[in-house]
Amino acid sequence: MVFTLPQHLPGALCAESRQRRHAFARCVRINYLRAVTLNLFLTQSVIALLVSVSGIAQWQAGPMAVALGGTSLTRVDAWSALSNQGAMAFSDTWSGAVFIENRFSVAGLSDKGMAAQIPLGSGTAGVVFRSFGNARYAESKAGLGYGMRLSEKFGAGVQANYVNYSIAEGYGSRFNVTVDAGLYYRMNQRISFGAHLSNPSRAQLSDFNNERIPTLLRIGCGWKISDQVQVAGEAWQWAGSNAQFRAGINYDPVPRLAIRAGATTGPSSMNFGFGYKAKGITFDAAASWHQVLGFSPQLGATIRPSAKS
């Protein structure tokens, strides 16, 4: 017995085959677009996270500040050029400082920087440089500032910064110029106040999603309870975010050794560290513990001759 196919069947099979090929092609295109969209979303999310993390890192002015919960506005020391140009005005000797941090113990999230300041004219000039990230994502900042005493108790300062963001994989780099301003008021030998505003103009970083460099307002108070114990508290307000609160305590059991601890909110973290002085050079170590992201150690050193302030 011989079977023959109906004459219309081959054409029907060809039409069905074409429909399947078209459906397959549509499926491939849809999956490709989904993959590209997901990749773009994840890339932008990672970039946003890195910018957020680095923005927070940019105001941890050395291991001393990290150990004290990020408080640094009312301290007059070698880190003032990084923390508050108003307080820098009360530094009457030259100084230099360097640090390096392994943020969240991730090799690609290293933060490192330096600061130097020297009395100049009726005030103090300072220069700072910071670098964050790796070859895939990098952020750098260079700044030149000046602080001036306006009275025996009051100082003010400004700083101009060149900020650059660089992203690999063809995204390129972006840069802009920002301005910082700081105030410092020494009510007496034990109590002082500080305020600092970073990037008040909200300088734009990219046209995409109108991305801007973060704006930060900090205000704080420091209290020297005794020659051995000092405490500080600060409130931080990032533009568009909830306020953060930070506090720290510094205890000097002996003249050359300092033990420090601090805490922050939003997100919560615990901080601790110590410092050791040796003939004009101070070595500092600190670490912070983030409730989600983990452990961030930091090391630093300062060179500062004996000063009156």
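**Briefing on the predicted model**

Ser110 is found in strand β2, where strands (E, at least two residues) and helices (H or I, at least four) are DSSP runs numbered from the N terminus. The structure is a predicted model, in which local features need pLDDT of at least 70 and side-chain atom pairs count only at pLDDT 80 or more, while totals for chains, interfaces and linings use all residues. Residues are numbered from 1 along each chain as its sequence is written, and side-chain values use heavy atoms, with hydrogens and water left out.

**Overall composition and confidence**

- The secondary structure of the protein consists of four helices and 16 strands.
- Of its 309 residues, 42% count as buried; buried means under 20% relative accessible area, exposed over 50%, and partly exposed in between (1.4 Å probe, protein chains only).
- The protein has an accessible surface of about 16,600 Å², and 66% of this belongs to carbon and sulfur atoms; such areas come from the Shrake-Rupley method with a 1.4 Å probe, and for residues only the protein chains shown count as cover.
- Among contacts between residues at least 6 apart in sequence, 46% join residues at least 24 apart, a contact being heavy atoms within 4.5 Å.
- The average pLDDT is 83, and 79% of the residues score at least 70; pLDDT is the predictor's confidence in each residue, from 0 to 100.
- Over residues 12-18, pLDDT stays under 50, and the model has zero contacts beyond four places in sequence for them.
- Residues 32-48 likewise stay under 50 in pLDDT, with five contacts beyond four places in sequence.

**Surroundings of Ser110**

- Ser110 counts as buried because its relative accessibility is 15%.
- Beyond the residues up to four places away in sequence, Ser110 touches Glu101, Ser131, Phe132 and Gly133.
- Ser110 and Gln298 are separated by 188 residues in sequence, yet their C-alpha atoms are 9.7 Å apart in space.

**Salt bridges**

- Side chains of opposite charge can pair when their charged atoms come close.
- The whole structure contains six salt bridges, each defined as a side-chain nitrogen of Lys or Arg within 4 Å of a carboxyl oxygen of Asp or Glu.
- One of them joins Asp111 and Arg130, whose closest N and O atoms are 2.7 Å apart. This pair links distant parts of the chain, with Asp111 in strand β2 (residues 110-120) and Arg130 in strand β3 (residues 123-133), 19 residues apart.
- Asp180 forms a salt bridge with Lys141, with 3.8 Å between the closest N and O atoms. Asp180 lies in strand β6 (residues 172-186) and Lys141 in strand β4 (residues 137-149), so the pair ties together parts that are 39 residues apart in sequence.
- Asp180 is buried at 1% relative accessibility, and Lys141 is buried at 11%.
- The side chains of Asp77 and Arg75 also meet in a salt bridge (3.4 Å, N to O). Asp77 is buried at 12% relative accessibility, whereas Arg75 is partly exposed at 26%.

**Surroundings of Asp77**

- Asp77 lies in the loop between α2 (62-67) and α3 (80-83).
- Apart from neighbours within four places in sequence, Asp77 is in contact with Met64, Gln117 and Arg304.
- Asp77 and Ser91 are 14 residues apart in sequence, and the distance from C-alpha to C-alpha is 6.9 Å.

**Strand pairing**

- Strands β7 (residues 191-198) and β10 (residues 216-224) pair in the antiparallel sense over eight bridges; two strands pair if DSSP finds at least two bridges between them.
- Within this pairing, Phe193 has Cys221 of β10 as its bridge partner.
- Strand β10 is also joined to strand β11 (residues 229-238) by nine bridges, and these two run antiparallel.
- The bridge partner of Arg218 in β11 is Trp236.
- A hairpin of four residues connects β10 to β11.

**Nonpolar surface patch**

- Trp94, Ile118, Tyr276, Ile281, Phe283 and Ile303 form a nonpolar patch on the surface, with about 580 Å² of accessible area together.
- Patches are made of residues with over 30% relative accessible area and no salt bridge; like charges are joined within 9 Å and nonpolar side chains (Val, Leu, Ile, Met, Phe, Trp, Tyr) within 5 Å.
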